[in-house]
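I am opening a notebook on this structure. The entries below record what I looked up.

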Amino acid sequence: QAQVVESGGGLVQAGGSLRLSCRVSGSIYSINSMGWYRQAPGTQRVMVATITSGSSTNYAEFVKGRFTISRDNAKNAFYLQMNSLKPEDTAVYYCNAEVDAVVVGTKTYWGRGTQVTVSS
(Lines give C-alpha, C1' and ligand atoms only; values in the text may rest on other atoms or scores of the structure.)
Protein backbone atom coordinates (compact mmCIF):
# COMPACT_ATOMS: atom_id res chain seq x y z
CA GLN A 1 0.00 0.00 0.00
CA ALA A 2 0.96 3.62 -0.44
CA GLN A 3 -0.04 6.84 1.21
CA VAL A 4 -0.21 10.25 -0.40
CA VAL A 5 -0.10 13.39 1.73
CA GLU A 6 -0.29 17.01 0.63
CA SER A 7 1.04 20.04 2.45
CA GLY A 8 1.66 23.71 1.85
CA GLY A 9 -1.79 25.19 1.48
CA GLY A 10 -2.84 28.38 3.20
CA LEU A 11 -4.11 31.90 2.83
CA VAL A 12 -2.40 34.30 0.46
CA GLN A 13 -3.24 37.63 -1.13
CA ALA A 14 -3.93 37.91 -4.81
CA GLY A 15 -0.69 38.10 -6.75
CA GLY A 16 1.14 36.05 -4.17
CA SER A 17 2.70 32.60 -4.33
CA LEU A 18 2.38 29.25 -2.62
CA ARG A 19 4.16 25.96 -3.05
CA LEU A 20 2.28 22.74 -2.51
CA SER A 21 4.08 19.51 -1.76
CA CYS A 22 2.94 15.94 -2.07
CA ARG A 23 4.85 13.02 -0.64
CA VAL A 24 4.25 9.38 -1.42
CA SER A 25 5.21 6.84 1.22
CA GLY A 26 4.81 3.12 1.78
CA SER A 27 6.10 -0.05 0.22
CA ILE A 28 6.38 1.09 -3.39
CA TYR A 29 8.41 0.16 -6.42
CA SER A 30 7.83 3.27 -8.47
CA ILE A 31 5.64 6.29 -9.02
CA ASN A 32 4.30 6.68 -12.50
CA SER A 33 2.24 9.75 -13.27
CA MET A 34 1.54 12.41 -10.68
CA GLY A 35 -0.94 15.21 -10.72
CA TRP A 36 -2.60 18.09 -8.95
CA TYR A 37 -6.34 18.60 -9.05
CA ARG A 38 -8.57 21.14 -7.39
CA GLN A 39 -12.16 21.46 -6.32
CA ALA A 40 -13.90 24.69 -5.45
CA PRO A 41 -17.18 24.67 -3.48
CA GLY A 42 -20.09 23.55 -5.59
CA THR A 43 -17.92 22.48 -8.52
CA GLN A 44 -16.38 19.29 -9.81
CA ARG A 45 -12.77 18.35 -9.24
CA VAL A 46 -10.64 19.38 -12.19
CA MET A 47 -7.12 18.71 -13.34
CA VAL A 48 -4.60 21.47 -12.69
CA ALA A 49 -1.33 19.89 -13.78
CA THR A 50 0.18 16.48 -14.36
CA ILE A 51 3.68 15.11 -14.78
CA THR A 52 4.71 11.73 -16.12
CA SER A 53 7.54 9.47 -15.04
CA GLY A 54 9.53 10.98 -17.89
CA SER A 55 8.77 14.49 -16.60
CA SER A 56 6.43 15.44 -19.41
CA THR A 57 4.00 18.01 -18.07
CA ASN A 58 0.47 19.06 -18.88
CA TYR A 59 -1.36 22.10 -17.54
CA ALA A 60 -4.91 23.31 -17.50
CA GLU A 61 -5.34 26.45 -19.57
CA PHE A 62 -6.33 28.49 -16.55
CA VAL A 63 -2.94 27.97 -14.83
CA LYS A 64 -0.55 27.98 -17.79
CA GLY A 65 2.27 30.42 -17.25
CA ARG A 66 1.52 30.76 -13.54
CA PHE A 67 1.84 27.26 -12.05
CA THR A 68 4.71 24.80 -12.37
CA ILE A 69 4.62 21.12 -11.50
CA SER A 70 7.82 19.28 -10.69
CA ARG A 71 8.92 16.02 -9.11
CA ASP A 72 11.79 14.75 -7.00
CA ASN A 73 12.08 11.03 -7.58
CA ALA A 74 14.68 10.59 -4.85
CA LYS A 75 12.20 11.89 -2.29
CA ASN A 76 9.08 10.31 -3.80
CA ALA A 77 7.65 13.80 -3.85
CA PHE A 78 6.18 16.27 -6.26
CA TYR A 79 5.33 19.90 -6.06
CA LEU A 80 3.13 22.64 -7.42
CA GLN A 81 4.62 26.11 -7.49
CA MET A 82 1.77 28.58 -7.77
CA ASN A 83 2.57 32.17 -8.71
CA SER A 84 0.40 35.16 -9.54
CA LEU A 85 -2.45 33.64 -7.60
CA LYS A 86 -5.97 34.85 -8.23
CA PRO A 87 -9.08 34.66 -6.03
CA GLU A 88 -10.52 32.15 -8.49
CA ASP A 89 -7.67 29.78 -7.62
CA THR A 90 -9.28 29.31 -4.21
CA ALA A 91 -10.05 25.62 -3.82
CA VAL A 92 -9.05 22.43 -2.10
CA TYR A 93 -6.04 21.05 -3.93
CA TYR A 94 -5.53 17.30 -4.16
CA CYS A 95 -2.53 15.36 -5.25
CA ASN A 96 -2.91 12.17 -7.18
CA ALA A 97 -0.30 9.55 -7.92
CA GLU A 98 -0.28 6.34 -9.88
CA VAL A 99 1.91 4.06 -7.80
CA ASP A 100 3.31 0.60 -8.37
CA ALA A 101 3.21 -0.74 -4.82
CA VAL A 102 4.28 -3.97 -3.19
CA VAL A 103 1.55 -6.62 -3.11
CA VAL A 104 -1.28 -4.42 -4.43
CA GLY A 105 0.33 -3.60 -7.77
CA THR A 106 -0.47 -0.44 -9.71
CA LYS A 107 -3.11 1.78 -8.18
CA THR A 108 -4.05 5.44 -8.17
CA TYR A 109 -3.98 7.17 -4.83
CA TRP A 110 -5.45 10.49 -3.74
CA GLY A 111 -4.38 12.72 -0.91
CA ARG A 112 -6.92 14.23 1.45
CA GLY A 113 -6.48 17.71 0.08
CA THR A 114 -5.06 21.01 1.24
CA GLN A 115 -6.98 24.29 1.26
CA VAL A 116 -5.71 27.22 -0.78
CA THR A 117 -7.45 30.52 -0.23
CA VAL A 118 -6.58 33.61 -2.24
CA SER A 119 -7.93 36.89 -0.94
CA SER A 120 -8.62 39.85 -3.19
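**Entry 1. Ground rules.** What is the order of the strands in the open sheet of 4 strands? Before answering I note that this is a predicted model, where local features need pLDDT of at least 70, side-chain atom pairs count only at pLDDT 80 or more, and totals for chains, interfaces and linings use all residues. Residues are numbered from 1 along each chain as its sequence is written, and side-chain values use heavy atoms, with hydrogens and water left out.

Entry 2. I read the order as 1-3-8-7, with antiparallel pairing. Strand 1 (2-7) and strand 7 (67-72) are at the edges with a single partner strand each, so one side of each has no neighbour in the sheet. From one strand to the next, the twist averages 15°; axes are lines fitted to C-alpha atoms, for helices over the stretch in contact, and angles run from 0 to 180 degrees between N-to-C directions. Strands here are DSSP runs of E, at least two residues, numbered from the N terminus. Two of them pair if DSSP finds at least two bridges between them. Strand 7 and strand 8 (residues 77-82) are joined by 6 bridges, antiparallel. I found Asp72 paired with Ala77 of strand 8.

**Entry 3. Strand 4 and its partners.** I next followed strand 4 (residues 28-39), which runs antiparallel to strand 9 with 9 bridges. Ile28 is opposite Ala101 of strand 9. Strand 4 also pairs with strand 5 (residues 46-51), antiparallel, over 5 bridges, and there Trp36 faces Ala49. These two strands make a hairpin with 6 residues between them, and Gly42 in the turn has a positive phi of about 80°.

Entry 4. I looked up Ala49 in strand 5. Ala49 has a relative accessible area of 0%, so it is buried (buried is under 20% relative accessible area, exposed over 50%, partly exposed in between, with a 1.4 Å probe and protein chains only). Beyond four places in sequence, the contacts of Ala49 include Met34, Trp36, Ile69 and Leu80; contact means heavy atoms within 4.5 Å. Asn96 belongs to strand 9 (residues 91-101) and is buried at 10%. Among the contacts of Asn96 beyond four places in sequence are Tyr37, Phe78 and Trp110.

**Entry 5. The core.** Which residues touch the most other members of the largest nonpolar core? I list Val24, Trp36, Leu80, Met82, Tyr93 and Val99, out of 32 residues. Such a core is a set of buried Ala, Val, Leu, Ile, Met, Phe, Trp, Tyr and Cys residues joined through side-chain atoms within 4.5 Å. Strand 9 gives the most to this core, with 6 residues.

**Entry 6. Salt bridges.** How many salt bridges are there? I count 3, each a side-chain nitrogen of Lys or Arg within 4 Å of a carboxyl oxygen of Asp or Glu. Arg38 pairs with Asp89, closest N and O atoms 2.9 Å apart. Arg38 is in strand 4 and Asp89 in the loop between strand 8 and strand 9, 51 residues apart. Arg66 also bridges to Asp89, at 2.7 Å. Arg38 and Asp89 are both buried, and so is Arg66. Glu61 and Lys64 form another bridge, at 2.8 Å from N to O. Glu61 is exposed at 61%, while Lys64 is partly exposed at 45%.
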